[in-house]
Amino acid sequence: MKRRNFIQKSALTTGAISLASSLAYANSMNQKPKVHKYNLKYAPHLGMFKNLAGEDPIDQLNFMADQGYTAFEDNEMRKRPIELQEKMAKTMKERGLEMGVFVAHEIHWKTPNLASGDKAKRVEFLNDIKNSIAVAKRVNAKWMTVVPGHLDLKLKMGYQTANVIESLRQASALLEPHNIAMVLEPLNFRDHPGLFLTDSPQAYEICRAVDSPSCKILFDIYHQQIQEGNLIPNMEASWSEIAYIQIGDNPGRKEPTTGEINYGNVFKWIHEQGYDGILGMEHGNSREGKEGELAVIEAYKKVDSFK
């Protein structure tokens, strides 16, 4: 065969293969796999499926939607570039992903903050809330996480509580016109020793005192299993003030089915209350790589199969 004819034939063959591949890809795109339908709005976070979806945040959001998730949360959203916030918001809207919480302010993990009554620290907190309102509007968020910070060991608990309530009342006045709620997150003594807010009854008492639709409870099941246990009765007692829920098994803070919590029963109870809010998947993966990410997906299908 002459060289010229060989080149022409090779080019035609290559073109045919490419065309066939393109058609096969197009067909596969038209034949969308059946998306799993969950009973509750579980919300993954960035990085949870990075081995399956890739590092790009937009690809990860699309992957979450493809798996049947209808919500998403991102603690770090406040600190992300505005351009990325806007791109993520656009993707979430297109894919039917409801935005969950992001952290609304700089948390004082080691020093007294809201509990101290220090006016400068209160102003810092309120300025963070103002800035977070703009972020919430940009990404269509209805909730933002607030952690009141460390105890003030120089003050009696009653005074600390009064100081926290006053700060939250002022923050609520900023949030109410925008129909945005800050959700107070009690944290356990083992992972976060020395913090002011630890228990669901304490959070309930504070929310009742603030008396605003913009000040509610974030009930993190992982933290409260360690801190107080008795999960369903404690949720039931504070249910009127719970606006957001987060997930993690104990011990380990990994996906459901890896620890001691009977998440099937817990989720069934939550569903029976008519809960239409988000449940943030604020935990790590028990196994690394793609295998671990697939295990997370299967674990949620298992514990959500209560109907």
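Predicted model: local features only at pLDDT ≥ 70, side-chain atom pairs only at ≥ 80, totals over all residues.

Setting aside residues up to four places away in sequence, serine 200 touches Pro186, Ile217, Phe219, Gln224, Glu228, Asn234 and Ser238, where contact means heavy atoms within 4.5 Å. Residues are numbered from 1 along each chain as its sequence is written, and side-chain values use heavy atoms, with hydrogens and water left out.

Serine 200 lies in helix α7, residues 200-210; helices here are DSSP runs of H or I with at least four residues, strands are E runs of at least two, and both are numbered from the N terminus. Is serine 200 buried or exposed? Its relative accessible area is 2%, so serine 200 is buried, given that buried means under 20%, exposed over 50% and partly exposed in between, with a 1.4 Å probe and protein chains only. Its side chain makes a polar contact of 2.5 Å with the side chain of glutamate 228; such a contact is a pair of N or O atoms within 3.5 Å, where within protein one must be able to donate a hydrogen and the other to accept it, and residues adjacent in sequence count only if both atoms are side-chain atoms. Isoleucine 217 is 17 residues from serine 200 in sequence, yet their C-alpha atoms are 8.0 Å apart.

Turning to the strands, β4 (residues 143-146) is covered on both faces, with Trp143 and Thr145 buried on one side and Met144 and Val146 buried on the other. Strand β4 pairs with β5, residues 181-184, in the parallel sense over four bridges, pairing being defined by at least two DSSP bridges. Methionine 144 has methionine 182 as its bridge partner in β5.

Among the buried residues of α6 are Asn163, Ile165 and Leu168, and the elements covering its buried residues include α5, β4, β5, α7 and β6.

Finally, the largest nonpolar core has 72 residues, of which Tyr42, Leu168, Phe267 and Ile270 touch the most other members; a core is a set of buried Ala, Val, Leu, Ile, Met, Phe, Trp, Tyr and Cys residues joined through side-chain atoms within 4.5 Å. Helix α5 gives the most to this core, with seven residues.
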